Amino acid sequence: GAGNPPQGLLNRLQWMQERYRLNAADRVLQKTPFTFDVSVWELFWPLIAGARLVLAKPGGHRDPQYLIDLIARERVTVTHFVPSMLRAFLDDPILQPDSCRSLRLVIASGEALTPDLLRRFYARVSGAELHNLYGPTETSIEVTAWPCKPSDADGTVPIGFPIANTRIQILDPEGQPVPVGVPGELMIGGVPVGRGYLGRPDLTAERFVPDPFPAPGETGARLYRSGDLARRRPD
């Protein structure tokens with residue numbers, strides 16, 4: 001179990017509302033089982049913004065045809081997909097470009113978003129934006145975001161920039177920043193960093209480490225070692 005502080009989750013929800021601006025006309029589809037972190041924002045984001053929450057039936061997240069029908073019937077405007085499920089959704093024969101025309105925002109996270117899947121999304125879904133988010137459960141759900149453009153299909157789809165009150169470091173094995181373009185371990189700092197693992201002080205000490213580059217005046221700051229390799233692009 002990964003313990004997250006209330007301020008990390010609140011920061012995540014407030015950033016999401018500031019970035020994507022739900023209003024009373026929006027309908028957010030809640031389909032992630034609540035043993036997974038994405039369910040937290042699916043449940044609470046619409047409720048703090050005066051939007052409507054549309055609950056999928058248990059197990060409905062595995063059925064592309066059910067989801068297509070539900071999105072159309074309930075006029076869902078915002079939904080989330082793990083990329084492998086997004087592929088199944090886009091490959092379903094009943095999906096037409098205007099089948100889910102109510103959608104304005106689709107968020108992908110949990111796995112790498114591939115260029116071919118991005119290309120297929122914009123060919124199969126009309127009028128919606130696709131955003132690629134990245135982040136481990138240990139840091140209050142997602143911590144970076146990228147608004148996907150069709151041109152991103154020409155190369156690796158970025159995971160984007162840090163969300164509010166979040167720092168991303170890319171470090172070598174000695175804990176030093178790597179140059180632009182050089183791979184290193186992606187480390188996460190700032191408000192989203194969790195408390196650690198429930199009942200596992202050994203694993204907590206291994207993965208939640210002192211931040212060698214704290215913000216001015218910050219004491220006791222920690223970085224979460226994601227174990228993922230990343231690199232900064234020149235831009």
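Visitor: Is Glu-74 buried, exposed or partly exposed?
Guide: In this predicted model, Glu-74 has a relative accessible area of 26%. Buried would require a value under 20% and exposed a value over 50%, so the class that applies to Glu-74 is partly exposed.

Visitor: With which residue does Glu-74 form a salt bridge?
Guide: The criterion asks for a side-chain nitrogen of Lys or Arg within 4 Å of a carboxyl oxygen of Asp or Glu. For Glu-74 the closest N and O atoms of the pair are 3.8 Å apart, and the partner that supplies the nitrogen is Arg-73.

Visitor: How many salt bridges does this rule give?
Guide: Among the salt bridges is the pair of Lys-149 and Asp-152, with 3.7 Å from N to O; here Lys-149 is partly exposed at 38% relative accessible area, whereas Asp-152 is buried at 9%. Salt bridges also link Arg-167, Asp-211 and Glu-218 in a network. By this rule the count comes to 11.

Visitor: How many residues apart in sequence are the parts that Arg-12 and Glu-142 tie together?
Guide: The side chains of Arg-12 and Glu-142 meet in a salt bridge, with 2.2 Å from N to O. Arg-12 counts as buried at 1% relative accessibility, and Glu-142 is buried as well, with a relative accessible area of 2%. Because Arg-12 lies in helix α1 (residues 6–20) and Glu-142 in the loop between β6 (129–134) and β7 (144–147), the separation in sequence between the parts they tie together is 130 residues.

Visitor: Which strands stand at the edges of the open sheet of four strands?
Guide: The order in this sheet is β9-β10-β13-β12, with antiparallel pairing. A strand at the edge has a single partner strand, so one side of it is left without a neighbour in the sheet, and this applies to β9 (166–171) and β12 (208–210).

Visitor: Which residue in β10 is the bridge partner of Gln-169?
Guide: Strands of a sheet pair through backbone hydrogen bonds, either parallel or antiparallel. β9 pairs with strand β10 (residues 184–190) in the antiparallel sense, over six bridges. In β10, the bridge partner of Gln-169 is Met-187.

Note on methods. Residues are numbered from 1 along each chain as its sequence is written. This is a predicted model: local features need pLDDT of at least 70, side-chain atom pairs count only at pLDDT 80 or more; totals for chains, interfaces and linings use all residues. Side-chain values use heavy atoms; hydrogens and water are left out. Two strands pair if DSSP finds at least two bridges between them. Helices (H or I, at least four residues) and strands (E, at least two) are DSSP runs, numbered from the N terminus. Buried means under 20% relative accessible area, exposed over 50%, partly exposed in between (1.4 Å probe, protein chains only).
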